[in-house]
Amino acid sequence: MTTSSQTKIGIVGGGAWGTALAAVSARAGTDTLIWAREPEVVASINTEHENKMFLGGVALPDAIRATANYADLTDRDMLLVVTPAQALRPVIADLAPHISTS
């Protein structure tokens, strides 16, 4: 964990479930970053505060930020990996080089 008082959470998976978890996390006061592979999901979350592709019509907290870059997750205290089962192995393989075990 970081020495700051705010926990940094990364949500790996920009579908409906990942977006809902990100909303709960941000509303709880955590620094929340969601990773999505779809550029349109990242753009929609960052500019319109809505995941139009997977959770349309649900307003998201302004504090949620989205990225398509695994390297942006390196400073997170905790990662929640919520990709579909069929995408889990390749996502974890791509994510692994960016994550420290210390």
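Which residues does Thr83 touch, not counting residues up to four places away in sequence? The legends below take up this question with the other views. This is a predicted model, in which local features need pLDDT of at least 70, side-chain atom pairs count only at pLDDT 80 or more, and totals for chains, interfaces and linings use all residues. Residues are numbered from 1 along each chain as its sequence is written, and side-chain values use heavy atoms, with hydrogens and water left out.

**View 1. Thr83 and its contacts.** Thr83 is found in the loop between β4 and α4; helices (H or I, at least four residues) and strands (E, at least two) are DSSP runs, numbered from the N terminus. Val12, Gly13, Leu88 and Val91 are touched by Thr83, not counting residues up to four places away in sequence, where contact means heavy atoms within 4.5 Å. Thr83 is buried, with a relative accessible area of 15%; buried means under 20% relative accessible area, exposed over 50%, and partly exposed in between (1.4 Å probe, protein chains only).

**View 2. The open sheet.** The sheet has 4 strands in the order β3-β2-β1-β4, with parallel pairing; two strands pair if DSSP finds at least two bridges between them. β3 (65–67) and β4 (78–81) stand at the edges with a single partner strand each, so one side of each is left without a neighbour in the sheet. From one strand to the next, the twist averages 25°.

**View 3. Strands β1 and β2 with the packed helices.** Strand β1 (residues 8–12) pairs with strand β2 (residues 31–35) in the parallel sense over 5 bridges. Ile34 in β2 is the bridge partner of Ile11. Helix α1 packs on the sheet, touching β1 and β2, and its direction makes about 170° with that of β2. Helix α4 also packs on the sheet, touching β1, β2 and β4, and its direction makes about 155° with that of β4. For these angles, axes are lines fitted to C-alpha atoms, for helices over the stretch in contact, and angles run from 0 to 180 degrees between N-to-C directions.

**View 4. His49 in its loop.** His49 is found in the loop between α2 (39–48) and α3 (52–55). Although His49 is not a glycine, it has a positive phi of about 55°. His49 is partly exposed, with a relative accessible area of 23%.
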